[in-house]
Amino acid sequence: MRNSTQQPAESSMPLNPGQPVPRPGQRRKPMTDAKPQNDKASKARKILFSILIVVLIVGILVVAGIFIAKLIESKYYFCKNSVKFIPLDKACDGVSDCSGGEDERHCLSSFTANTTFPVRLISDQRVLQVYSPDSGWRTVCNDDWSEKHTQTACTQLGYTNSPTSSKVEVSALPSPLKTGPFAAVRTGSASTPVHQATIDRSVCSTGSVVSLMCSDCGDVESKDRIVGGVDDFIENWPWQVSLQEQDSHVCGGSLVSPRWVVTAAHCFPNNKRIPSRWKVMSGETHMTTLGGSSVDRIIINGEYDSSFNYDVAMMRLRSPITVGDKRKPACLPPKDLSLPNKAPVVVTGWGLLKENGKAATTLQKVNIEIIDRSTCSRPAVYGSSITQRMICAGNLKGGVDACQGDSGGPLVYFSSSRWNLVGVVSWGVGCAQESKPGVYSNVDEMLNWIYTVMEKNQ
């Protein structure tokens, strides 16, 4: 028997019968996309890079445009009607350079109060008085007084928010007020301006007079403060604002209503008298130029002169601010608040930290005290430069004071559980020098002007 090896027959069957075998010349369909993954990523990177380049170019153009616009605005005034630029110093100069006098239409104005504002509060008891040319000032009796009378009287005095009235016994009034003259409201006169709603009385039948608290002005909650330091928080001094022209801090100011700011007249020299170029920054502890309220009117006291007499001005905001913890008016003080010598007062602001030094970036406050007029008028201090429209505060030994950049800001005094605006930062020799304290505009002497401005420019 012959041994033999049987060779297996060659098979044309594929190893995996489920997968067709490609014929010669036929291309196998790829299992992935035709283009490799790294090609897709490369294309995506190119698109992203192109977008970034476009964004960068647009950003550069926008920044350049803003810079150029700011540069032009710092030198020129744009006449919208006639579509032309004029040099900035030709705007608000009393001569019309734009068609229709556009460049002179909305400018700083000067106002002198030639009449007596007929309603006021007097003494730290905030007693209501009304005025008539025939009878002069009269204290209003509590006789027939109503809540509606309270609302009407407080509306005349400006800022009104949840106004309240109380009665003060005539026997408890300061001596000059105890003997009158007095006035009482007529029946059915609750909606009539209070000075027109009263008739003369020799005595008050109730034996008491009206005291008003018209708003929550000057009321702040106690906050922790930095012991021994000068930094502070806007919540403690929410009436403090920064007045900025072309995004630069120029002066301080004080909210006295949601729409009105009291500041200094000297903050507005001839080249800074266009309201539209100003804004008011409020509610900020740290100095910033972002945001802010637009200004539609600037009014300086018509009696202001180069000796800083009557150094007061007012700014009207285009829209009222929203009152809250960081934004709240200071109280305008009652007439004859009578600050005693060495009365404790506070001045705040973002001015220079020292003479010829750097400006503060965080709100500063310093506790100082009133210096009586006789002392401040000594030849070694300021002599005859001190007028009735000024008060002095600081320390004759130096070391504490307001400084450049604080101008127009508040000097406040705590009385009757409220912070009262008693002074406006005005002038001084240097900063914190010995025998050269700060000089402030005396708000008590400016009340008639302030109330009249607010009434005539509602």
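Modeller: What follows is a set of questions and answers on a predicted model.

Biologist: How many salt bridges are there by the rule used here?

Modeller: Side chains of opposite charge can pair when their charged atoms come close. The rule asks for a side-chain nitrogen of Lys or Arg within 4 Å of a carboxyl oxygen of Asp or Glu. By this rule the count is nine.

Biologist: Which residue forms a salt bridge with K272?

Modeller: The closest N and O atoms of the pair are 3.1 Å apart, and the partner of K272 is E245. K272 is in the loop between β13 (260-263) and β14 (278-282), while its partner is in strand β11 (residues 240-245), 27 residues apart. K272 is partly exposed at 21% relative accessible area.

Biologist: Is R316 buried or exposed?

Modeller: Buried means under 20% relative accessible area. R316 has a relative accessibility of 8%, so R316 counts as buried. D296, its salt-bridge partner, has 19% and is also under the cut-off. For R316, the answer is buried.

Biologist: Where in the chain does D444 lie?

Modeller: D444 meets K335 in a salt bridge, at 3.2 Å from N to O. K335 lies in the loop between β16 and β17 (344-349), so the pair ties together parts that are 109 residues apart in sequence; D444 lies in helix α6 (residues 443-456).

Biologist: What are the relative accessible areas of D444 and K335?

Modeller: Both values are under the 20% cut-off for buried residues. D444 is buried with 16%, and K335 is buried with 19%.

Biologist: Which side chain of opposite charge is nearest to D406?

Modeller: D406 is in the loop between β19 (390-394) and β20. D406 is buried and has no salt bridge. A salt bridge needs the atoms within 4 Å, whereas the nearest side chain of opposite charge is 14 Å away and belongs to K365.

Biologist: Which backbone nitrogen does the side chain of D406 reach?

Modeller: Not counting residues up to four places away in sequence, D406 touches G252, T348, G349, W350, G351 and V425. At 3.4 Å, the side chain of D406 reaches the backbone nitrogen of W350.

Biologist: Which residues form the nonpolar patch on the surface?

Modeller: Together the residues of the patch have about 410 Å² of accessible area. One of them, L61, lies in helix α1 (residues 37-75). L61 is exposed, with a relative accessible area of 59%. The patch is formed by F49, I53, I57 and L61.

Biologist: What covers the buried residues of α3?

Modeller: In helix α3 (residues 147-156), the buried residues are H149, T150, T152, A153, C154 and Q156. Their cover includes β4 (119-122), β5 (127-132), β7 (164-169), β8 and β10 (208-213).

Biologist: What is the phi of G158, the residue that follows α3?

Modeller: G158 comes after helix α3. Its phi is positive, near 105°.

Biologist: What is the phi of S416, and what is that of S435?

Modeller: S416 lies in the loop between β20 (410-415) and β21 (418-427), and S435 lies in the loop between β21 and β22 (438-442). S416 is partly exposed at 38% relative accessible area, and S435 is partly exposed at 23%. Neither is a glycine, yet phi is positive in each: near 55° for S416 and about 65° for S435.

Biologist: Is the peptide bond from G180 to P181 cis or trans?

Modeller: P181 is in the loop between α4 (175-178) and β8 (182-185). Omega of the bond from G180 to P181 is near 5°, and the bond is cis.

Methods. Residues are numbered from 1 along each chain as its sequence is written. This is a predicted model: local features need pLDDT of at least 70, side-chain atom pairs count only at pLDDT 80 or more; totals for chains, interfaces and linings use all residues. Side-chain values use heavy atoms; hydrogens and water are left out. Patches are made of residues with over 30% relative accessible area and no salt bridge: like charges are joined within 9 Å, nonpolar side chains (Val, Leu, Ile, Met, Phe, Trp, Tyr) within 5 Å. Accessible areas come from the Shrake-Rupley method with a 1.4 Å probe; for residues, only the protein chains shown count as cover. Helices (H or I, at least four residues) and strands (E, at least two) are DSSP runs, numbered from the N terminus. Buried means under 20% relative accessible area, exposed over 50%, partly exposed in between (1.4 Å probe, protein chains only). Lys and Arg count as positive and Asp and Glu as negative; His and the chain ends are not counted. A polar contact is a pair of N or O atoms within 3.5 Å; within protein, one must be able to donate a hydrogen and the other to accept it, and residues adjacent in sequence count only if both atoms are side-chain atoms. Contact means heavy atoms within 4.5 Å.
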